[in-house]
Amino acid sequence: MGTIVEKILSRKAGKDVRAGEIITAEVDAILTNDAAGPLAIDYFRKMGAGKVVHPERIAAIVDHYVPCPNSRVAGLHQMLYDFCSDNGIRLSTSGIAHQVFDELGYVIPGRLIIGSDSHTTTHGYAGCIAIGVGASDTASAMIDGELWLKVPETILVEFKGSLRSGVYGKDVALYLLSVLGAAGGNYKAIEFTGEGLSSLSIADRKTICNLAAECSAKCAVFPVDSIAEEYISSRGLSAGEAVYPDKDASYLEKLTIDLGSIPPMISKPARSDIAVPVSECAGLRIDMAVIGTCTNGRIEDFMEVDRILCETEEPFRSETLVIPASQAVLSEMMERGYAQRLVAKGAMLLPPGCGPCCGSSPGTPRDGMNVISTANRNFIGRMGNVRSDIYLASPVTVARAALKGRIPRED
Amino acid sequence: MAEYRGKALCFGDNINTDYIIASRRKKDTINPDELVKYIMEDIRPGFSSLIEPGVMLAAGENFGCGSAMEVAAQIVKAAGISIIIAKSFARSYYRNAINNGVMPLEMDTSDIQEGDIISVSTSDDGIHVVNERTGRHSVLPPFAGKAGDILAAGGIIEYTQNRFAQEKKGETQ
């Protein structure tokens with residue numbers, strides 16, 4: 001009778017629960033970073049708590065401000081380091097929280113994961129419920145090991161057909177945002193299904209779940225199919241706790257999307273849900289290109305970018321910033337020669353982390369610049385300058401635009 | 001059991017947390033009292049100077065969407081704003097508001113115009129919202145369960161402190 005979300009939350013609440021109920025659920029894993037972490041610690045202390053209840057379930061990952069830009073942030077970082085050391089919490093400086101949390105093995109099917117970052121939704125790719133919360137809720141869960149939640153209703157998205165060549169998870173995600181709108185997933189979960197899943201790679205699924213945050217969804221979840229099982233077991237993890245929806249599960253709404261009908265997509269300033277086919281923006285001057293972030297900074301993304309770079313002798317015409325999602329991604333980019341090729345074409349290779357995505361690390365555009373980015377948000381001022389415009393697209397579209405200095409006419 | 005009265009300052013749909021407080025500002029400090037001067041600066045420069053005692057925010061759909069950053073709720077509180085009225089809230093902002101003792105009231109706000117005086121009173125039978133210009137009187141259900149308990153305590157810090165105090169009392173008895 002239950003959706004994936006109802007069934008996982010039933011397990012975590014220790015009783016059968018349905019959409020609409022307010023429950024207290026056991027949290028399996030908690031992610032925090034250097035933006036929200038210090039604030040969570042502040043709440044933790046003000047609440048009068050002593051120690052965290054399950055330190056082994058928590059990871060704190062330094063990603064927003066890397067390398068540390070000033071003494072003020074150094075103080076915040078120190079606060080995070082000290083807290084982790086005092087409480088036996090794992091701290092990592094290896095890249096973007098969502099990427100590193102996954103690399104460290106916290107993402108296991110059937111889990112309830114919370115993170116003090118909205119793009120925690122990314123981990124739904126592995127059949128997890130992964131929810132972004134604030135710093136105070138993070139502190140609360142660190143104290144109690146549980147969190148109160150409203151069981152969300154679920155929108156079922158059925159994928160039919162398969163992706164056209166040159167179309168990626170990012171394009172699917174932007175298309176879905178254009179259908180659902182910025183508030184379309186608010187208070188709701190999204191569950192994916194359908195034969196089209198077989199044409200979506202794990203990287204595609206991570207990108208789609210990441211961008212679910214942009215329609216305000218509480219979480220987005222893929223069922224654990226053979227593709228996911230293979231990926232999870234290849235990393236030495238178990239899919240044994242995977243949960244599947246019941247045949248008679250009740251959904252708020254059902255959408256069917258033909259993957260074969262989706263063209264390369266682009267989001268126009270300053271809302272990710274204003275997404276149109278790339279062809280509608282063809283010819284637009286591009287001054288800066290950004291490849292990276294928790295949305296599209298994975299090795300699979302750089303592999304596709306490299307394919308485009310190998311097609312031409314030309315250097316980048318736009319100022320191009322490349323930010324691998326983690327040290328592991330960067331190492332692999334170097335082994336495979338991707339990093340060398342990007343740099344040879346004039347890209348600036350920045351340290352693994354959030355980079356300029358939300359203006360927290362360097363890479364601020366100048367006045368009047370048109371930026372094309374693989375990130376997830378293009379709000380006014382998002383990258384630190386209100387007098388620049390941000391377009392969002394797949395790594396391949398961004399790489400093509402960076403080479404031409406314009407949004408390409410053909411996909 | 002509590003009364004509020006003040007001027008409404010109005011916003012549209014999908015006001016994201018980056019607009020409430022730009023992420024780039026958090027590089028300098030995370031102290032909400034220092035950040036409050038930057039509230040809404042990117043979409044409404046000079047907004048902080050309009051805030052006077054009792055002010056409420058009124059907005060359309062999905063207020064507080066985007067990042068889950070809690071500073072966006074903290075600075076509203078730091079600005080002395082206790083009530084936000086919106087057609088709907090992004091769920092992460094809704095929780096953050098409650099956890100910081102700011103009441104998120106979900107209702108139709110289409111009749112509220114900039115500068116309207118709004119009065120809000122809470123009681124056991126519900127939350128009464130009156131737009132003094134139009135006379136429109138809306139009654140919302142009271143906050144239930146833990147959300148209600150957290151708001152009643154003034155926020156999640158106070159709520160948790162109270163809980164620890166109760167537990168300690170229980171142990172010593």
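The questions and answers below concern pockets, cavities, a helix pair and backbone features of a predicted model.

Reader: What is the volume of the largest pocket, and which residues lie nearest its centre?
Author: The lining of the largest pocket has 24 residues, and those nearest the centre are A:Ile22, A:Lys150, A:Tyr187, B:Tyr94 and B:Glu106. The volume of the largest pocket is about 660 Å³.

Reader: How many charged residues are in the lining of the largest pocket?
Author: The lining is made up of 24 residues. By class, 16 of them are nonpolar and one is polar. The charged residues number seven.

Reader: Which element gives the most to the lining of the second largest pocket?
Author: This pocket has a volume of about 390 Å³. Its lining of 19 residues has B:Met103, B:Thr122, B:Gly148, B:Leu151 and B:Ala152 nearest the centre. In chain B, β1 (2-10), β5 (117-123), β6 (126-131) and α5 (145-153) each supply at least two residues. With five residues, the element that gives the most is α5(B).

Reader: How many residues in the lining of the second largest pocket are polar?
Author: The lining has 10 nonpolar residues and two charged ones. The polar residues number seven.

Reader: What is the volume of the largest cavity, and which residues lie nearest its centre?
Author: The structure holds six cavities of 30 Å³ or more. The largest is lined by 28 residues, with A:His64, A:Asp117, A:Cys358, A:Arg382 and B:Ser67 nearest its centre. By class, this lining has 12 nonpolar, 10 polar and six charged residues. The volume of the largest cavity is about 310 Å³.

Reader: How do the residues lining the second largest cavity divide by class?
Author: The second largest cavity has a volume of about 100 Å³. Its lining has 14 residues, and A:Ala213, A:Ala217, B:Gly66, B:Arg91 and B:Ser92 lie nearest the centre. The division is five nonpolar, seven polar and two charged.

Reader: Are α6(A) and α7(A) roughly parallel or roughly antiparallel to each other, and why?
Author: The axes of α6 (residues 169-180) and α7 (residues 202-211) of chain A come within 8 Å and cross at roughly 25 degrees. Angles under 35 degrees count as roughly parallel. The two helices, α6(A) and α7(A), are therefore roughly parallel.

Reader: Where is A:Pro67, and what is omega for the peptide bond from A:Val66 to A:Pro67?
Author: A:Pro67 lies in the loop between β3 (58-61) and α3 (71-87) of chain A. The bond from A:Val66 to A:Pro67 is cis, and its omega is near -15 degrees.

Reader: What is omega for the peptide bond that joins A:Pro269 and A:Ala270?
Author: A:Ala270 is in the loop between β12 (265-267) and β13 (275-277) of chain A. The bond between A:Pro269 and A:Ala270 is cis, with omega about -5 degrees.

Methods: Residues are numbered from 1 along each chain as its sequence is written. Chains are lettered from A and ligands numbered from 1 in the order in which they are written. This is a predicted model: local features need pLDDT of at least 70, side-chain atom pairs count only at pLDDT 80 or more; totals for chains, interfaces and linings use all residues. Side-chain values use heavy atoms; hydrogens and water are left out. Axes are lines fitted to C-alpha atoms, for helices over the stretch in contact, and angles run from 0 to 180 degrees between N-to-C directions. Helices (H or I, at least four residues) and strands (E, at least two) are DSSP runs, numbered from the N terminus. Angles under 35 degrees count as roughly parallel, over 145 as roughly antiparallel, 65 to 115 as roughly perpendicular and the rest as oblique. On a 1 Å grid over the protein atoms alone, a cavity is a set of points where a 1.4 Å probe fits but cannot get out, and a pocket is an open set with protein on both sides within 12 Å along at least five of seven lines; lining residues have an atom within 4 Å of a point. Grid points are joined across faces, edges and corners, and a volume is the space filled by probe spheres set on the points. Ala, Val, Leu, Ile, Met, Phe, Trp, Tyr, Cys and Pro count as nonpolar, Asp, Glu, Lys and Arg as charged, and the others, Gly among them, as polar.
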